[in-house]
Amino acid sequence: MNPTVVAFDRVSVRYGRTVAVDGVSFVVPRGCVYALLGRNGAGKSSLVRCLLGEQKPALGSVSVFGRPVWQTRVAAMARVGVVPEEPDIPPEMSAAATIAFCARLYPSWDGAGVERRLDRFGVPRTVPAGALSKGQKGQLALALALGPSPDLLVLDDPTLGLDAVARKELYEELVEELADRGTTVFLATHDLAGVEAVADRVGALAGGRLLLDEDLEALKGRFRRVRLRSVGALPPELARFGPYAMRRGAFADEAVLSRFDDGAFAEARDALGIDPTDVSGMTMEEIFIALHDPGDGRVP
Amino acid sequence: MRALLAVVERELGERRTVFAAALVAGLAALATPLLPWLARGGAREQTGVMALTLASAFAVGLALTYGASMIGRDLRERRLGFYLARPIPAWSLWFGKLAAGLLLVLGGGFLVLLPAVVAGAIPGALIPRDRVPLLAALVAAGALSLLVLAHAATVAVRSRSRLVVLDVALLFATAGAVTAVSRRLAGESASAGLLRGLSAYGLLTLAALVAAGWAQVAAGRSDPRRGHGALSLTLWGIVGVSTALLAGYGWWFLAVSPRSLEGVFGVAAAPCGPWMVVSGRARGRGDYEPAFLLDATTGRSVRLAGSVTGLTKVAFSGDGTRAAWLVATGGRGSPAEVRTLDLAAPAARPVATTISFPMQGAFGLTLSADGGRIAVREGPSLSVYDLATGRRLVSVRLPGAVAVARAWFVSADRLRLLGFSDPRGRVERGDLAILELDVPEKRLRETGRIPDVARSALFFVRDGGGATLLLRDTCEGSTTFALVNAVTGSTVAALAACDRDTACQATTLADGRIVVGEAGATGARLRVFSPAGEAERVLELPAARTIRLGLEPVAGSVAVALAPDRLADWAAYTTLIVDIAHGSRTALGRAYRPAGWYWWVSDWRFAAGGTAARAFLAQDGSLVLLDPSANGFRTVLPAG
């Protein structure tokens, strides 16, 4: 039994005549770390706002814990922790005041855990939030999000603007937290390297449309980069491996295969004259780039 | 509730410096007497006035700035998610912020006043103690209004939506509708009704603004345009319904008939015929006292809509076939227009004339005997118009030292005026000038003068031929009645004199005879004089200390009301009909008063046995008509 925590059902978001999100559907199962990837302006934040019940989709609906979140925002948010894209803690509020404010709102509050976390990252309690560093704000936001021991943690580009150290700390904190609690995480980001370490499942948005929605391991397993010796047209034998993109180089062409299968490809490799060393796995970042930039043309 | 309190606490905590600033401002007010240019006057009063001024400015400024920023700033800086991503209901967020705003504004204002209050610098004259609850409620309502108005305006402007154009259009349309209803009610002098309507409308609008703010947060959340849409829909929905209710209220308020009157206060009757003007307080409409032209025989009535002339200044023609009155065409200072009604036509409606003038001074209307001409007095000008054509026949400027007290048509071509030689009304007594306007010649000339007359004197212009005037003059409490020549002002006959302990009144009969009634320590009596002022007889009446005379309900008789006390209530009056020739008396009952209360301002002699003479007001305010044959009354207008 792995019930759905978040479900987007044909969600469209419009701003005037601009379509930010166009008919997106996917689900996030319980205990999953779901990473929604997309470039700036792809529609990630719009989907996050819909997920948090802050924005009503023009079409479709978003359910959280099985209930439409627009109608049940207050009940849903009692079980959700949120780290926003831009720290939205009122700048004049200190960490102590913010904690005191938030602690009153939730049925349970892990005050000790919040203090521990802030201590660990040296976040001062009495300094107004507006005067904290970006990293401290991020840690404070994460501490506040984890304070109510949420069933769902929503992170909207939490590493945006953070340096490498702060990014690492934040993900480490997240991993530790996940290990402890098994919290469902919805992570909207373009920090692909960070995602790879924590995500179970990924979705990719481009131009408001969902390009993929898949388990990370399966995704990485079916994407391969193949160096082709014969410069020119794509060999027809590759068609069944889902050639996704091609990049022509001075000495060789590269094809990205999106339906790679080890056994089947081993059989075809000799016929194609491809050396095993010409086939390489792809990082999440490479897959993402290939998805967004087919190079010399997307292969039909 | 927990979330609401958390929001209130957070908002107050964030802006706690406001209270310190208020206290500093309050302390600064204590230094007001040190200001060199305020050296004169009481130091405490100056401090009090300064503290009140500072408190008002502080509260207004804070209400506007906080109202504009309480949600608008969070929306602009994309910080509303801080609240929305937490289990805070929209109502807790909105009402929490609103409550915090009210506490800040009222608390801040109070802290500005506090030092002055402690120093005893706010005297009771500035804020009367018995008005404190009302003032507090008004201040709270005002603060709330400013908060929600500033919020609504900020949300509308910051959404950058085209809906703003619709908002502005609806604002103007609403203002126009409210102004139209208000002007209509104000034009009818329905001040209490207007206040009641506008107060309710103001409360509904305030509720609409509060509800609209909640809708903006609940339905718009972090989407400024959607929020603006929700705000506008809620606001204009409620305001639209409220405006429709106000318009309906205005319609209902003025949809009154004579039967809507709780009781008839006053009656001014035509000299002959069945028509009269009745006035009284309308049921359920506060202090609104509409006036109607009423046919006492058929019950047909016409409301004197927008009349500014009042009960006593509706002019009747001598033959009772036409009435004229003034209607305000706009607000204060706008021209007044003459309207007329053909009383002889069974279904006639009021007719607007082209005769209008700015109401800048005292005014009056006078109709000729046949109703064909009308004289309009306005300030220092006197004009005569032909009513059929609306053509002005003559317009003259009155002599600078003369303020017209009365004017009446002696004939269609001649108008007689009585005026005091002290237009500013500074002296209690003065000479009464008699002027005559020759309409064809367009010439105004003084024909005579009555010396040393009280400004409060009453002139009974009961002789349509214009030969004599019945003059009632008072001096140091005593009252005299005299018949004077209406052209020269010379005394024809001194009729009667009453000391300050004797009540006296006079009336005239249709044949020109004069009756003076007296009631005092020596008894009550009627003195009857011929049209030339010669004493004819004295008729003794039952003992009384107060006497009121009516008209001639039966030819040769006069209506008399007697009371045993000088300050008696009408319930104590006994009404009789006294036969002038024989002195016989017919009792009509208790507490009936001759309804022609204002008959003494009529320009015309009343017909014997006419409707005006037979109209009485019962104790409960019913208007009744005497039926001499049955020696009983027929109810024309029952009291409500």
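Guide: On a 1 Å grid over the protein atoms alone, a cavity is a set of points where a 1.4 Å probe fits but cannot get out; points are joined across faces, edges and corners, and a volume is the space filled by probe spheres set on them. This is a predicted model, in which local features need pLDDT of at least 70 and side-chain atom pairs count only at pLDDT 80 or more, while totals for chains, interfaces and linings use all residues. Residues are numbered from 1 along each chain as its sequence is written, chains are lettered from A and ligands numbered from 1 in the order in which they are written, and side-chain values use heavy atoms, leaving out hydrogens and water.

Visitor: How much space lies in the largest cavity?

Guide: The count comes to 5 cavities of 30 Å³ or more. In the largest of these, the space is about 100 Å³.

Visitor: Which elements give two or more residues to the lining of the largest cavity?

Guide: Lining residues have an atom within 4 Å of a cavity point. There are 13 of them, and A:Val82, A:Pro84, A:Asp88, A:Ala141 and B:Arg86 lie nearest the centre. With helices (H or I, at least four residues) and strands (E, at least two) taken as DSSP runs numbered from the N terminus, the elements of chain A that qualify are strand E6 (80-83) and helix H5 (134-146).

Visitor: Why does the length of helix H7 of chain B agree with expectation?

Guide: The expected span is 1.5 Å times one less than the number of residues. Helix H7 of chain B (residues 132-158) has 27 residues and should therefore span 39 Å; its end C-alpha atoms agree with this, lying apart by 38 Å.

Visitor: Which helices do the buried residues of H7(B) pack against?

Guide: Buried means under 20% relative accessible area (1.4 Å probe, protein chains only). In H7(B) the buried residues include B:Leu144, B:Leu147, B:Val148, B:His151 and B:Val155. Counting contact as heavy atoms within 4.5 Å, their partners in chain B are H3 (43-69), H4 (72-76), H6 (90-118), H8 (163-187), H9 (191-220) and H10 (224-254).

Visitor: Which residue just after H7(B) takes a positive phi?

Guide: The phi in question is about 55 degrees. It belongs to B:Arg160.

Visitor: Is B:Arg221 buried or exposed?

Guide: B:Arg221 sits in the loop between H9 and H10 of chain B, and its phi is positive, near 50 degrees, although the residue is not glycine. Because its relative accessibility is 10%, B:Arg221 counts as buried.

Visitor: What percentage of the residues of chain A count as buried?

Guide: Chain A has 10 helices and 15 strands, and its C-alpha trace spans about 70 × 40 × 40 Å along its principal axes. Of its 300 residues, the buried part is 52%.

Key
On a 1 Å grid over the protein atoms alone, a cavity is a set of points where a 1.4 Å probe fits but cannot get out, and a pocket is an open set with protein on both sides within 12 Å along at least five of seven lines; lining residues have an atom within 4 Å of a point. Buried means under 20% relative accessible area, exposed over 50%, partly exposed in between (1.4 Å probe, protein chains only).
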